[in-house]
Amino acid sequence: MISLDTLNEKWEVIVIGSGPAGLAAAVAAAESGAEVCIIEREERPGGILKQCIHDGFGLLRFQEKLSGPEYAYRYLEMAANRRIPILGNTFVLKIQREDTGFGLTLQESGRGVFKLQAKAVVYAAGCRERTSRQVYVHGDRPSGIFTAGTLQYMINIQGYMPAKKCVILGSGDIGLIMARRLVLEGAEVEGVYEIKPEPSGLTRNVVQCLDDFGTPLHLSTTVTEIHGQKRVTGVTVCKVDNDAVPFRGTEKYIPCDTLVLSVGLIPENDLLETLGLGLDPTTGGPPVDQYNMTALEGLFVCGNALHVNDLVDYVSESGVLAGQAAADYARYGRKRSRCLQIIPGSGIRYVVPQLWDSAGERNLILYFRSSQTVFQAVLEVISGDRVLRTEKYPVLRPPEMQRLELKAEDFSEPLQDLEFRIREVKI
Amino acid sequence: MKRRLTCIECPIGCSLETQNITQELTVSGNQCARGERYALKEVRNPFRSLTTTVATVFANCPRLPVRTKGEIPRKDLFVAMELINSIIIEHPLLPGDLVLKDLLGTGVDLIATGPTDPVYAFNGYERSHGR
Amino acid sequence: MHSLKKIRKLFDRAGFKEIEVAEKHKAIFLSGNVDHWDRYLEAGYLAAGKGYRGVVNDIQVRGLIPDSFTVPSHSDKSLEGRHFHAAVVGGGVIGAAITRELTRWQIDVALLEKENDLSRHASGRNNGIIHPAFAAPPGSLKARYNTLGNRMFTQEAQELGVPLAWPGLLVVFPSRMMHMLMPLIRRRARQNGVRGVEYLTPEQVRAREPNIYNKQQGGFFLPEGGIVSPYKLTMAYGENAISNGAQVFLQTAVIGFDLIKNQGGNRIVRVNTNRGSFTADLVINAAGIWADQLAEMAGDRFYTIHPRRGAIAILDKKVTHLLKYNIGQLLIPAGKSKGGGVTPTIDGNILLGPTAEEIPHREDFATRTEDLAYIYQHQMFLNKALRSDQVITYFSGNRACTFDEEFVIEPSSYVENFIHVAGIQSPGLTAAPAIAREVGRLAAEILKKTMALLPNAHFNPCRKPLPVMSALSFEERSRLIKENPAYGKIVCRCETVSEGEITDSLRSPLGVASLDGVKQRVRTGMGRCQGGFCTPRLVDIVAREAGINIEKVSKSGPGSELVFKKTKGLVDYSSVKILSEGGKEEESHD
């Protein structure tokens, strides 16, 4: 740990969060010449990667299939080599706008409550999990109800087994990954239940985490009620129609001692909201421009706090973007000019960034998700009456985020709002 | 005998079907050659990488993440788990360090993927300052 | 008082010909069979208010599993052969307040609670409103104790170190006609001793509560509406009682009494529990939802308790600024099922509800789909800025109602050392300090007959609250962290609860080593992530502080453990089937 006397009070860039987004942002900011430090609320750095011990991380960034801790370690080494201090066990109590940037009020055991200042802040606090009550699972409140991430921490980091026979609600990737982990550690997974008619996670995970072990996946089925007062004794599952409305009479009681929930992630931007920043209701993150800068100049957001990603490589990519831009902002005080909108049109759930500083960078990296599964999809990027770009996709699925680069030469004056839309090609 | 599987070679995710009519294994439902290769390998002898944890003697790192440095036959996963469950790490390790050589004679090593000192990274700054 | 004959006629006319109506101990006893719970209730209410001591409704409902209370799985002999001057049964706010009141005397007091902690039933499952004594009928015990309790609250909370605020209650009129009721409203307030009633036009209502729903037609404001944390108050009573010499026994259920016949009537000589039997000079029945069953054990049952369920939804703290007052709606007829409205809490959340629904099982705390549908439709609309996606969780509790819908606070007429404190539903929390004062007086009268009662010279009504970091200024936090670095380490992010506060709660006189025990004291896991991040850390902290294995750490006592075992070592994979071939075998269709 760094002692207080060696710690500067004023920084060019402060990064909040030491996960894959925050570490990438800090390294990128340092490489751009900025004085940067990282604030981490937990006692170990690395964010959620610490507990994601499965592999498949880093295929794009390192051309290797790393585990989460390995991926984090690569970045931690880069941060160490660039002498970026990481303040662990440090909690941000308050963030406020000041004349020269931002003031952060922090709390840590050794330092008490203390303040740091930064010209630019990169916010990379990740996301939290949606809970059983938030998806309207009713019943009492016995023990044995865990979100997949909580269970993952207990099994992978603490080495505790909180389940013998479990039901998993939600086929998000963490839920699928945990189905495999539970079986490998000796628990029985009765089944995975998904309210939607198709899996929420990647096909690869359905195959390797469920099919490999004969774990059934029940689509268009959800858990409606938890039974048990002290420990879970069972759950009621029920078929649903396409609007997720339960079919009366299809209820089935399934004995189990544990219900695991993988029902969605919520970007954790509650601290930013105290600054008066509005959030995009679809992504759960604040709208940003192509530098990942929010409506508040000097405040950048990246990673899962911006929108929930399915690949860590993209998380780090958004961190690099934010880190570089934050360094530039802090050092050269770039001002934003007129912002154009990037609009999710027909068939598109969302596009990030949502804004586009028309005087700035014209090589844009855009991430989008489709609203539903579309085969032989044609994506069009429209500006006014003109189609700037047409991309063909054999298939677009909402769980699989797409990345698209627009080049400066794609544009022509006058610049107008961009709209993404999907044209379905019928075979 | 017929078997069904979903191709994971690309995002399309074709539904594949293999059939064993005579001695010859045939694949249908694939839209490209990669699908056929995938199905044949999956049905004959699927390989998987194994990621799990091992116990350690370190109080602040009760479990250390490990993985196979390559794929092992899927049928051996639980035999491997039984062996891995018996390991207790007693010496400090860093990601990439060897935990077990040639797991079950597969020729694949088991390696650590995390450090046994989990706050190690916080010290990176001091290390780079030569402390 | 109606004659039994007249009641019989009423029952016949209501189609209850097969229901037997009898009188015993000046109470009405009902027996027989009905087909539905609704009919059970109908019969109970039909017999109420006829001038008897109470209604005992022993009617069976066909096809319904008879209700019985859960007894702790734990049993030992730790209470065997002991003697207490007073034993209070029931660790809700009433029992805890009475226990603390009794420590004003130099006597041995025991508080017995069958659950793993205090305030596990109604006291931990309500909205924490300190009611102005407006709703209760004038002249009733409810009205009397409501008024008295309301006026005692400021001092009580101060002594106990429990946060309290008086935002006031805003009652809005859904219809314009209701303006004409103002003279009646003022008269009711005068009769019940409610002060400061203020009439408000629709414009004035909107000026006070800008997010009030558009169609409101004005209303009135009662400044004597307060908010408190009901479980923190209960804990504070319990802790203060312990500091003044009382003993609290958790997971201790009374399973019977040994009675003897005296010239004055019956007398309880032994109290039998799952932890052995002991003798007591006085037993106080504060058993809440099970008070009638305890009365039966003592041989003086003259009321039946039935549960009225209330579900409450909790909103994210980030919307708290959207509401200023407790808001309710004037409904006519008021009826017995009032239900709630929209309420700010002392801890900075907004609550919606409670609902009011009659159910047959007293320890049924499950929420249902209909609860939220009702809350969203009938309660949330009061504040137009509130939305269902701001809900972080919901829960339900059961009010302990008698058919007379009235408190029962009296010494037993048939058992000389037994006091009934039953039927304490809304406004029970408000009334608690006054009820405790009165029961203390009744208890002293009974005890004085058999012993010399001396004041407890060491009684200290004040409890020093433990530091709540999130409520302190940054300077104060820094000072505390210097003293104890554990105050600097945040464990629960959403509610910013430090490890120091958690260990404080576990080391307090009434510390309970369970996740819910910690939660009810310091709010860990009460925020928007609902314990997602802090649960694994809390398991470790509780195990360490209590000196127990992690397999023993529970959510709320034995049977609710979280971890079965540790990973690794010998794991049985014999039931695992792993196919040597890939893919799934084609399902046969023949």
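This is a predicted model: local features need pLDDT of at least 70, side-chain atom pairs count only at pLDDT 80 or more; totals for chains, interfaces and linings use all residues.
So, helix α4 of chain A meets helix α5 of chain A, and on the α4(A) side the residues are A:Asp173, A:Leu176, A:Ile177, A:Ala179 and A:Arg180. Facing them from α5(A) are A:Asn205, A:Val206, A:Gln208, A:Cys209 and A:Leu210. When I say contact, I mean heavy atoms within 4.5 Å. By class, that contact has six nonpolar, two polar and two charged residues.

Residues are numbered from 1 along each chain as its sequence is written, chains are lettered from A and ligands numbered from 1 in the order in which they are written, and side-chain values use heavy atoms, with hydrogens and water left out.

Back to that pair. α4(A) covers residues 173-184 and α5(A) covers 203-210, and their axes come within 8 Å and cross at roughly 20°. Helices here are DSSP runs (H or I, at least four residues), and strands are too (E, at least two), numbered from the N terminus. Axes are lines fitted to C-alpha atoms, for helices over the stretch in contact, with angles from 0 to 180 degrees between N-to-C directions. So α4(A) and α5(A) are roughly parallel to each other, a label for angles under 35 degrees. Their crossing is left-handed, meaning the near helix is turned anticlockwise from the far one by less than a right angle.

Now α1 (residues 20-31) and α7 (residues 312-332), also in chain A: they pack at about 35°, with axes 7 Å apart. This crossing is right-handed. The α1(A) side includes A:Ala21, A:Ala24 and A:Ala28, and the α7(A) side includes A:Gly319, A:Val320 and A:Gly323. By class we get 10 nonpolar, four polar and no charged residues.

Over in chain C, α3 (residues 93-102) and α7 (residues 230-243) have axes that come within 8 Å and cross at roughly 25°. The crossing of α3(C) and α7(C) is left-handed. Among the residues that meet are C:Val93 and C:Arg100 from α3(C), and C:Leu233 and C:Tyr237 from α7(C).

Okay, how do the chains meet? Chain C and chain A bury about 4900 Å² between them, 53% of it on carbon and sulfur atoms. Buried area is the accessible area (1.4 Å probe) that two parts lose on being put together, summed over both. That contact takes 60 residues from chain C and 54 from chain A.

How many salt bridges are there between chain C and chain A? Eight, where a salt bridge is a side-chain nitrogen of Lys or Arg within 4 Å of a carboxyl oxygen of Asp or Glu. One to click on is C:Arg537 with A:Glu42, at 2.9 Å, N to O.

Chain B and chain A bury about 3600 Å², 57% of it on carbon and sulfur atoms. There are three salt bridges across that interface, including A:Asp212 with B:Arg48, closest N and O atoms 2.4 Å apart.

The A:Val352 to A:Pro353 peptide bond is cis, omega near 0°, and A:Pro353 sits in the loop between β23 and β24 of chain A. A:Tyr136 has a positive phi of about 60° although it is not a glycine.

Methods. Ala, Val, Leu, Ile, Met, Phe, Trp, Tyr, Cys and Pro count as nonpolar, Asp, Glu, Lys and Arg as charged, and the others, Gly among them, as polar. Angles under 35 degrees count as roughly parallel, over 145 as roughly antiparallel, 65 to 115 as roughly perpendicular and the rest as oblique.
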